[in-house]
Amino acid sequence: MTRVRAHAPGRVNLIGDHTDYAGGLALPMAIDLGTSIIGTREGDRLRLHSEQFDTDTDLRVPLQDARIQPDWARYIAAVAVEMNCTTGFSGLIDSTLPIGAGLSSSASLELATALALGFEGTPLELALLGQRSEFTAVGVPCGLLDQLSSAFGSEGHALMIDFASITVEQIPLPPELEIIVVHSGVERTLAGSAYAERRAACETAISIVGELRSCSTDDLAAITDPVVRRRARHVVTECQRVTEARSALLGGDGIHFGELMNASHRSLRDDFEVSMPVVDALVERLRAVPGVHGARITGAGFGGCVVAACEPGAIADPAAITGRGWRVRASGPARVELLES
Ligand code: GLA
């Protein structure tokens, strides 16, 4: 019998969305909102209670199939399937993340579950396990952005991720840059969205012009389908913006960083078409606040949260804007603590 507490942070993507599955670049940070699991490794059943949903799951290991109810328990089952887990666990899941809001609540649940169940391996292996579990649980062909952000989180740092080489570079965040996240009020689920369709369009583009991050926008003229060409243009320009955003952070230039976030939002809205009027209006509202350098939709889109970069104190109470908002800090990686054995 081993008693443990596992915690995995969510993430906010500062810039670089819908680039991960196209071998591009992104600049997220792990945040001080996340999922914690406390409990005991014992027996041959997974018995977990979710504080958020106030429901339970009780499954016998080893498990063959993750398609179970309630929905949140699918992630637990999928991780157990992917780990070939043979020891049970009894405990509680608690999360400070809004669910399905673009802050990686599911990746955080996957990683916390894996660590609670006894995963041993590198942070990259943990992230890959989380990604496979996402697919097993809900069939979403997600990239590695969310799981890498949670596995490699670092206090006070954003993470520059190169998805072609799968490398993560820590970028110190300027102390005078505050990061605010505000929920638009629109709930979304990746499985129900056009995520897979966007990914397929990028793959079509890659099959015509090759690796998008090394293309110029002129190279995209070879793509005849105008929708596919616009999707590809988002990826090409977004990777350029991420590279510039890295330099802006390293140079302490919050104003330029904000401009790049604004341009990223326009590209996600017009070329990638993953925003919506409610989200656009929230972005505008935040940008109009003095001291806000820039704002954009974050994560997969189709609703969820907006992220803003601003001067300290520019937004005194992020929760007052729509009822759900947070001042977030860059936090450390997914981890597990042994409480008793
Ligand atoms: C979701 C996916 C990620 C990534 C983002 C968009 O969060 O899980 O892999 O594609 O959308 O950047």
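Ala, Val, Leu, Ile, Met, Phe, Trp, Tyr, Cys and Pro count here as nonpolar, Asp, Glu, Lys and Arg as charged, and the others, Gly among them, as polar. With these classes, the lining of the second largest pocket has eight nonpolar, one polar and three charged residues. The structure described is a predicted model.

The second largest pocket holds about 190 Å³ of space. Its lining includes Met29, Gly156 and Leu173. Pro174, Pro175 and Leu177 also line this pocket, as do Glu178 and Ile179. Arg327, Val328, Arg329 and Ala330 complete the list. Strand 8 (178-183) and strand 11 (325-328) are the elements that give two or more residues to this lining.

The largest pocket comes next. About 810 Å³ of space lies in the largest pocket. It is lined by 39 residues, and the closest to its centre are Tyr75, Ile99, Gly100, Ser105 and Ser106. Several elements give two or more residues to this lining: helix 1 (71-82), strand 5 (89-95), helix 2 (105-117), helix 3 (123-138) and helix 4 (145-151). Helix 1 gives the most, with four residues. By class, the lining divides into 17 nonpolar, 13 polar and nine charged residues.

The ligand sits in the largest pocket. A polar side-chain atom of Asp146 lies 2.7 Å from an oxygen atom of the ligand. For Tyr195, a polar side-chain atom also lies 2.7 Å from a ligand oxygen atom. Ala300 uses its backbone instead: a backbone N or O atom lies 3.5 Å from an oxygen atom of the ligand. Taken alone, the ligand exposes 310 Å², and the protein buries 99% of that.

A search of the whole structure finds one cavity of 30 Å³ or more. About 30 Å³ of space lies in this largest cavity. Ile37, Leu48, Ile76, Phe89, Thr113, Ala116 and Leu117 line it. Helix 2 supplies the largest share of the lining, three residues. By class, the cavity lining has six nonpolar residues, one polar residue and no charged residues.

Most residues other than glycine have a negative phi, and most peptide bonds are trans. A cis peptide bond joins Val61 and Pro62, with omega about -5°. Pro62 is placed in the loop between strand 4 (55-60) and helix 1. The peptide bond from Gln69 to Pro70 is also cis, and its omega is near -10°. Pro70 lies in the loop between strand 4 and helix 1. Asp54 is not a glycine, yet it has a positive phi of about 55°. The place of Asp54 is in the loop between strand 3 (45-50) and strand 4.

Note on methods. Residues are numbered from 1 along each chain as its sequence is written. This is a predicted model: local features need pLDDT of at least 70, side-chain atom pairs count only at pLDDT 80 or more; totals for chains, interfaces and linings use all residues. Side-chain values use heavy atoms; hydrogens and water are left out. A polar contact is a pair of N or O atoms within 3.5 Å; within protein, one must be able to donate a hydrogen and the other to accept it, and residues adjacent in sequence count only if both atoms are side-chain atoms. Accessible areas come from the Shrake-Rupley method with a 1.4 Å probe; for residues, only the protein chains shown count as cover. On a 1 Å grid over the protein atoms alone, a cavity is a set of points where a 1.4 Å probe fits but cannot get out, and a pocket is an open set with protein on both sides within 12 Å along at least five of seven lines; lining residues have an atom within 4 Å of a point. A molecule sits in a cavity or pocket if more than half of its atoms lie within 2 Å of its grid points. Grid points are joined across faces, edges and corners, and a volume is the space filled by probe spheres set on the points.
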